[in-house]
Amino acid sequence: TKYTVGDYLAERLAQIGIRHHFVVPGDYNLVLLDKLQANPNLTEVGCANELNCSLAAEGYARANGVSACVVTFSVGALSAFNGTGSAYAENLPLILISGSPNTNDASQFHLLHHTLGTTDYSYQLEMAKKITCCAVAIARAHEAPRLIDRAIRHALLARKPCYIEIPTNLSGAECVRPGPISAVTDPVTSDKAALEAAANCAAEYLSGKLKPVILVGPKLRRAGEGAEEALIKLAEAMGCAVAVQPAAKGMFPEDHKQFVGIFWGTVSTDAADSIVHWADALLCVGTVFTDYSTVGWTAMPDIPLMAAEMDHVTFPGAHFSRVRLGEFLSHLATEVKFNNSTMIEYNRLKPDPVLVHTAAPGDELTRKEISRQIQAHIDSKTTLFVETGDSWFNGVQFKLPPGALFEIEMAWGHIGWSIPAAFGYALRHPDRKIVVMVGDGSFQVTAQEVSQMVRFNLPITIILINNRGYTIEVEIHDGSYNKIKNWNYALLVHAFNGEDGNAKGLSARTAGELQDAIKVAEENTKGPTLIECSIDQDDCSRELITWGHFVAAANARPPRLPGV
Ligand SMILES: Cc1ncc(Cn2nnc(CCOP(=O)(O)OP(=O)(O)O)c2C)c(N)n1
Ligand SMILES: [Mg+2]
């Protein structure tokens, strides 16, 4: 049989380690979907809509390192652009693939369905160029290998999404077979001289400091290439305090004796902010300082920063290009001087463990009791997804036991991300116990994807915090728009079962009911269990209130007058 463009794409996706591709069919991509499905290494995963499809692919990329989302032209792609934006902001190589019009139509000035009703169909590619690191449109079959390989290689190296557009009449067109996959996946290594110089200079710089601290950011994991392991080696070579940004929670082991908590300014955990502010040198590893991670800029460190990024190193008086993060951290670990002054100080100031109150079974459910029970439920196999909302603040407070993992989408911050993302992640990690902490407002955005969890019999536990509205927004700036229509969430999940599903929907209003519901979830191994936890609408974390106050202030900064 003829080897085609679709076969070529399928083979490349399989060769880079993709085993599931997320799709919504449309007449511009059906032949392509047939070719992908024909590849024995790929399993097609249908989603209810393209927003969820792209967010499921975003979650899959967190687990797998790379993912693929296949949609139809315009009506599909424009929704998938949102999850693609998330992948861009969160540094994930999501390969967005869109079907497109037959190659004969443009030159005949045909008006087509699923377009803006003009004869120029190039707008989608132009839009994709803005939200990916490489966007290509295949116009003739013979250019498919070159364009597909280029887009995938760019995405893998940059840890950013790419875009591949394939006309409906080219997926089945004849194509040569691919060359060695190493041409696409071979990593870029550090420049040797730059690596040497960077490690020596950094060690020299640090040796002149009295109180160095390491601050870990979310790009540490995204860098891959052994960066997380190298960081532990470096931390132990230095002996210093290691603080972690909220979006990097879990990227440094929380049971490590040098872990000093989540650094998030005034809403830090374990007094991490005190030791960060005490430092005279901050080695920032893959950090991302946004308005949200600096609490409206109130927590922007005010000392010169050393920044170790995915492909360069910068610190006062120095910059080194083409230095890969993992290699830099490993190399620095062999050059750096031991200096545990910040750990000695931290052990003097760290807060004593607080007594956590256990509610009586009949007590009305509170946010604190939910957190206490989830903390008891988390173990080494757990991956905890925390959604935009008060779930961020409750989530970062958890102590992660060795092996527990944490997923958060704090840069893009799309409410509803956690449901499709946890679904995509679970397909890649069926061995892990996935718990989603999501608010009622967020759940309403992407609830349909619970039905895919049913379809694939995924035992995901969804802790739905029902505080009757958009509380995180209330704490930033309240208004009528933060009220939402309440649903019967437990009943909705039963509706997703159709005639053959194994999902369970429960609601808990007391501590005892939550305890019982979590037991039901632990026993339900054949499908998702949603537990609606009703709490008072003002029962939110003190951290959210403080954070909301400063973020609102940052949003309210008056426009700078010209010339001022
Ligand atoms: C796609 C998208 N649209 C709007 C927003 C703004 N936003 N951020 N958080 C929210 C409300 C979240 O409410 P919930 O999920 O109920 O969370 P909490 O009540 O804070 O626990 C909105 C509406 C957003 N973050 N993402
Ligand atoms: Mg809510």
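Analyst: Strands β10 (residues 281–285) and β11 (residues 305–308) run parallel and are joined by 4 bridges; strands, like helices, are DSSP runs numbered from the N terminus, with at least two residues (E) for a strand and at least four (H or I) for a helix. Within this pairing, L282 has L305 of β11 as its bridge partner. The model is a predicted one, in which local features need pLDDT of at least 70 and side-chain atom pairs count only at pLDDT 80 or more, while totals for chains, interfaces and linings use all residues. Residues are numbered from 1 along each chain as its sequence is written, chains are lettered from A and ligands numbered from 1 in the order in which they are written, and side-chain values use heavy atoms, without hydrogens and water.

The two strands belong to an open sheet of 7 strands, ordered β9-β8-β7-β10-β11-β12-β13 with mixed pairing; two strands count as paired if DSSP finds at least two bridges between them. At the edges stand β9 (259–262) and β13 (318–321), each with a single partner strand, so one side of each has no neighbour in the sheet. From one strand to the next, the twist averages 15°, with axes taken as lines fitted to C-alpha atoms (for helices, over the stretch in contact) and angles running from 0 to 180 degrees between N-to-C directions.

Helix α10 (residues 227–238) packs on this sheet and touches β7 (212–216), β8 (241–244) and β10, where contact means heavy atoms within 4.5 Å. The direction of α10 makes about 165° with that of β7. Helix α12 (residues 325–335) also packs on the sheet, touching β10, β11 and β12 (312–315), and its direction makes about 140° with that of β10.

Rings of Phe, Tyr and Trp (its six-membered ring) pair if their centres lie within 6.5 Å; planes under 30 degrees apart are stacked, over 60 edge-to-face, and the rest tilted. The centres of F385 and W417 are 5.5 Å apart and their planes stand at 40°, so this pair is tilted. It links distant parts of the chain, 32 residues apart: F385 lies in strand β14 (residues 382–386), and W417 in the loop between β15 (405–408) and α16 (418–428). Both F385 and W417 are buried, that is, under 20% relative accessible area, with exposed over 50% and partly exposed in between (1.4 Å probe, protein chains only).
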